[in-house]
Amino acid sequence: MGRIVLDKVTKRFGSVEVIPPLDLTIEDGEFTVFVGPSGCGKSTLLRLIAGLEDLSSGKIEIDGSDVSAVPPAKRGLAMVFQSYALYPHMSVRKNIAFPLRMAKLDQAEIDRRVSNAAQVLNLTDYLDRRPGQLSGGQRQRVAIGRAIVREPSAFLFDEPLSNLDAALRVGMRLEISELHKRLETTMIYVTHDQVEAMTMADKIVVLRAGNIEQVGSPLDLYNQPRNRFVAGFIGSPRMNFLEGAVAAKHGAHAIGFRPEHLGLSLTEGEWKGKVGVAEHLGSDTFLHVHPENGGETITVRVDGEFSARHGDIVYLTPIADKIHRFAADGLRIQ
Amino acid sequence: MSRAVTTRRKTINTVLAWSIGFLIFFPILWTILTSFKTEAQAINDPPLFLFFDWTLENYAVVQERSDYMRFLWNSVIIAGGSTLIGVMIAIPAAWSMAFVPSKRTKDILLWMLSTKMLPAVGVLYPIYLIFIELGLLDTRIGLVVVIMLINLPIIVWMLYTYFKEIPGEILEAARMDGASLREEIIYVLTPMAVPGIASTILLNFILAWNEAFWTLNLTAAQAAPLTAFIASYSSPEGLFYAKLSAASTMAIAPILILGWFSQKQLVRGLTFGAVK
């Protein structure tokens, strides 16, 4: 079980309000990702749920019981930290066993659970090493092992992959997703990387300055962003925005269209422009086009290879039903 | 940063360093040498350096006249006891200052240190009266408490700087793993801070061992440690230089040996945090 309810939760550091009153429900078994730019309060929110920070007001419920005043040790949650936070003076075995030792389990049960976790996470050969003798990916696995052995009601991840190199990050992302599918335990995952959010989440919570901008499934956010901030934050490369006369033609303050929702032609189209930078990835090609009328650079994605070079003239046409319209206050016009 | 250093320069620096080292060590060396002379040779003019009749007579006399082992035992109890109790009080104090600082933490640290700026003799009278009142004069327990309190600011400061180096996330991880505050300190913080705690203990043991002001003023016969043992040989009359030296040598020998074996730990402790 692991249904977590935040009810008018706030957090102030001195006179600075980091989290204004915030309501959120995380269903049992859900993989929820908190995403937002740095300083948006996502880590603070996670630490409030963990109990590592005290609430300024409001309350937090786990499975129906109010835990607002319960210390972190008693909330039944497990956390994986960005720095892994392994105990450097203990072997991998002792690190993983630590929460079980604190729970006063008998030795046979501890051994059984530790060897299970080690098997699941491919750590069996490293059980007698110290954290200092492990690679970044292995350390991350130990941190996860330490979290899963105690069978918590929910897992909290605080940017767990940001210290890993790109290749390892993709691998660990899959491992964590697999783990979630198998354990079916609630997971709350904090990241600033929208690709992690899109690929892993059942539910994404987009935060800005402590406020929830939108909650929804990855594709909800992609297809129906509530406002310009979410539209720009979700999706890579980010959405193109145009203001002024072009937007007015669509009856909006601004219009937005994703790089993948543009038609590209060498002969004709709605807007004419000159190619600035062309990024050839093989699987797709990204062109950064400077419009002839001097507006903002438009990014366009083309499937596969497209031979365009700096200075080439191209024509762009947005796909009509994929254009998002935004009002002056940033909200999307339905 | 690397600089080319000429051989000549190196030689000069080496000679200079050894000379200064020798100069600082000389009084101790002289004490040790004197302890092997006869009283007459000890005050010989010009002073005798190495060529005299080496004798162990002073040691025999000193041991005969006073019970060295009793003073040694008192020193061990007073230095060991005050350090142990001090560390037990200082670990939780330093923990709270390093990991849950309040607005006043910096002030408290400075205030604690400021008590060391007061000349000890300034509080001799009140403490003496308190000791009489509580019947603590010339007791080991009394000295353990006073010396522990006197060194406590240094112990807290040292541990505080060590604890500051330990990432808070690791302690938070322990909390998430279900450790109580006591378990967090015993199983996670203390083992990680072992090098720091060891050098803190060492330094404070040495400070307590050499503490003379309070031990001389608050003890007579029962609880007198080695510092009082040395002092009992300093006399305005008669020839006591050689015996005084022998007593001094016996008093500093244990701590000198301890210091020698733990110098690596000690140097690390004293320079910790200076370069990061």
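Me: Which residues are buried in α2(A)?
Reply: In this predicted model, the buried residues of α2(A) are A:V92, A:R93, A:N95, A:I96, A:A97, A:F98, A:P99 and A:L100. That makes eight of the 11 residues in the helix, which spans residues 92-102 of chain A, so α2 is largely enclosed by the rest of the structure.

Me: Nice. And what covers the buried residues of α2(A)?
Reply: The cover includes two helices of chain A, α3 (107-120) and α4 (136-148).

Me: What about the phi of A:K104, which follows α2(A)?
Reply: A:K104 has a positive phi, near 60 degrees.

Me: Okay, zooming out. Which domains does the assignment give for chain A?
Reply: There are domain 1, covering 4-232, and domain 2, covering 241-333. Their C-alpha centres are 37 Å apart.

Me: How many residues of each domain are in contact with the other?
Reply: Six residues from domain 1 of chain A contact seven from domain 2 of chain A. On the domain 1 side, three of the touching residues are nonpolar, one is polar and two are charged.

Me: Switching to chain B: where does UniProt list "transmembrane region"?
Reply: The unreviewed UniProt entry lists residues 12-33, 71-96, 108-131, 143-163, 184-207 and 240-261 of chain B.

Notes: Residues are numbered from 1 along each chain as its sequence is written. Chains are lettered from A and ligands numbered from 1 in the order in which they are written. This is a predicted model: local features need pLDDT of at least 70, side-chain atom pairs count only at pLDDT 80 or more; totals for chains, interfaces and linings use all residues. A residue is buried if 20 or more other C-beta atoms lie within 10 Å of its own, exposed if 12 or fewer, and partly exposed in between; C-beta atoms are placed from the backbone. Helices (H or I, at least four residues) and strands (E, at least two) are DSSP runs, numbered from the N terminus. Domain bounds come from an automatic or database domain assignment. Ala, Val, Leu, Ile, Met, Phe, Trp, Tyr, Cys and Pro count as nonpolar, Asp, Glu, Lys and Arg as charged, and the others, Gly among them, as polar. UniProt positions are given in the numbering used here, feature names are shortened, and annotations may be inferred rather than shown by experiment.
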